[in-house]
Amino acid sequence: MRNVYLDNNATTPIHPEVQEAIKEALPIYGNASSHHSFGQEARERVEDARVKLARLINADPSEIIFTSCGSESNNLVLKGVTCEYVPCKPKDAPGGRHIVTSQIEHPSVKNTANCLEQRGFKITWLPVDPRGLVDPEDLKKAITRQTVLVTVMLGNNEIGTIEPIQELCAIAREHGVFFHTDAVQALGKVQVDVKELEVDFLSLSGHKLYAPKGIGALYMKKGRMICPLFHGGHQEGGLRVGTENTLGIIALGKAAEVARRDMGQEAPRIWALREKLRQGIEKLIPDVRFNGHPEKVLPGTLNVSFLYVEGESILLRLSGKGIAVSTGSACSSGSLEPSHVLLALGLIHEEAHGSIRFSLGRENTEQDVDYVLEVLPGVIADLRKMSPLSRARAG
Ligand SMILES: Cc1ncc(COP(=O)(O)O)c(C=O)c1O
């Protein structure tokens with residue numbers, strides 16, 4: 001049986017060149033903070049990786065903080081900015097206890113904002129249109145004298161919609177409010193240029209970029225400050241303490257270098273595969289709805305609602321045929337609640353429940369898409385035969 005991995009938004013396989021870089025770096029065990037030659041060897045490699053990652057997003061290396069994952073970077077910004085800038089302010093001073101975000105953020109932003117809300121912050125959840133776009137006019141209306149931070153993701157993990165970050169950030173800047181974007185899904189798939197976007201903070205994750213799990217990063221513009229989540233030594237300027245994950249950092253640096261080199265060819269190739277899959281589904285399967293923006297979308301993300309069937313049943317049937325997909329974000333796939341992202345688009349529960357996310361990556365080929373198009377129509381037709389909703393509709 002063919003194995004087809006179409007869950008690259010959940011995590012990516014480690015790139016062979018990254019694997020090589022890890023193997024080569026395995027003997028490096030010095031602590032990057034030690035001043036002897038063992039430590040200095042590790043330090044040089046950490047700094048080399050910082051330069052490579054900075055190049056990918058057009059940042060200065062000094063603006064990169066290595067973390068353990070994208071979730072940590074998001075937590076660090078939301079909790080770190082509010083903890084740094086808010087407590088000493090008089091109650092009604094500008095830049096206070098108000099955060100603006102969107103209704104379709106990853107749980108690591110959404111739940112952190114919920115946590116801050118329970119601690120007295122006011123959160124404004126910007127709505128999105130049926131394609132998943134935040135309207136800059138809504139942001140203009142939402143910002144008040146109390147707003148300290150706006151956080152809107154760059155590319156959505158479930159539907160792939162790419163938000164107008166440059167425009168949103170300009171609005172925040174006009175009001176003197178910090179702007180953060182979660183670029184975990186966008187990195188390596190579309191251009192992420194912090195100078196163009198003019199964001200203050202930007203979150204990244206290694207395992208969505210063909211590096212291993214357990215390594216992430218935060219871009220923090222020069223001059224910004226943040227209160228760390230953990231306290232301890234002086235690593236990462238005291239902002240992310242704990243002995244550096246040298247291997248993970250080297251791997252992320254390599255992955256960034258490879259992404260910078262290959263993105264120009266890979267992004268259009270993956271987009272073409274996605275289009276082939278989308279057109280095939282449209283042609284072969286009735287009663288489908290494509291979720292997300294038709295053009296402003298990450299090249300490998302395709303989210304489809306198959307009406308009258310359960311996404312979980314589709315996932316299991318496809319898995320039995322060697323095809324790996326997702327019913328939403330991996331983080332919420334254990335939950336029976338319909339995806340908050342799809343509900344924010346205006347889908348009714350039944351449509352949201354029948355949705356599947358196909359996320360393509362660098363290892364996918366035309367043959368993979370052909371195989372999915374060979375298997376999927378039969379799976380959907382079979383499940384619809386058993387579905388009371390589908391039978392009721394057929395009368
Ligand atoms: C948009 C987005 N942000 C943040 C994260 C969290 O990243 P990590 O798994 O590295 O914690 C994910 C992971 O799925 C994501 O898709």
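User: Which residues have the most contacts inside the largest nonpolar core?

Analyst: This is a predicted model, in which local features need pLDDT of at least 70 and side-chain atom pairs count only at pLDDT 80 or more, while totals for chains, interfaces and linings use all residues. Residues are numbered from 1 along each chain as its sequence is written. A nonpolar core is a set of buried Ala, Val, Leu, Ile, Met, Phe, Trp, Tyr and Cys residues joined through C-beta atoms within 7 Å; buried means 20 or more other C-beta atoms within 10 Å, exposed 12 or fewer, and partly exposed in between, with C-beta atoms placed from the backbone. The largest core has 84 residues, and those with the most contacts inside it are V150, Y219, A251, L252 and A255.

User: Which helix gives the most to this core?

Analyst: Helices (H or I, at least four residues) and strands (E, at least two) are DSSP runs, numbered from the N terminus. The top contributor to the core, with nine residues, spans residues 246-284: helix α8.

User: With which residues is L252 in contact, leaving aside its neighbours within four places in sequence?

Analyst: Two residues are in contact if their C-beta atoms, placed from the backbone, lie within 7 Å. With neighbours within four places in sequence set aside, the contacts of L252 are A49, L53, G206, A211, I215 and A217.

User: How many residues does domain 1 bring to its contact with domain 2, and which element gives the largest share of that side?

Analyst: The C-alpha centres of domain 1 and domain 2 lie 28 Å apart. The contact takes 28 residues from domain 2 and 27 residues from domain 1. On the domain 1 side, the elements giving two or more residues are α8, β10 (301-306) and α10 (340-345).

User: Which residues are closest to the ligand?

Analyst: A residue is near a molecule if its C-beta atom, placed from the backbone, lies within 6 Å of it. Helix α3 (residues 70-85) gives the largest share of the shell around the ligand, three residues. The ligand is surrounded by 15 residues, and the closest are C69, G70, S71, N157 and S205.

User: How many residues of that shell are polar?

Analyst: Ala, Val, Leu, Ile, Met, Phe, Trp, Tyr, Cys and Pro count as nonpolar, Asp, Glu, Lys and Arg as charged, and the others, Gly among them, as polar. The shell holds one charged residue and three nonpolar ones, and its polar residues number 11.

User: Is Y210 buried or exposed?

Analyst: Y210 sits in the loop between β7 and β8 (216-220). Although Y210 is not a glycine, its phi is positive, about 70 degrees. With 28 other C-beta atoms within 10 Å, Y210 is buried.

User: What does E198 count as?

Analyst: E198 lies in the loop between α7 (194-197) and β7 (201-205). E198 also has a positive phi, about 60 degrees, without being a glycine. Because it has 15 C-beta neighbours inside 10 Å, E198 counts as partly exposed.

User: Is L316 buried or exposed?

Analyst: L316 belongs to helix α9 (residues 311-320). Its C-beta neighbours inside 10 Å number 12, so L316 counts as exposed.

How values were computed. Domains from an automatic or database assignment.
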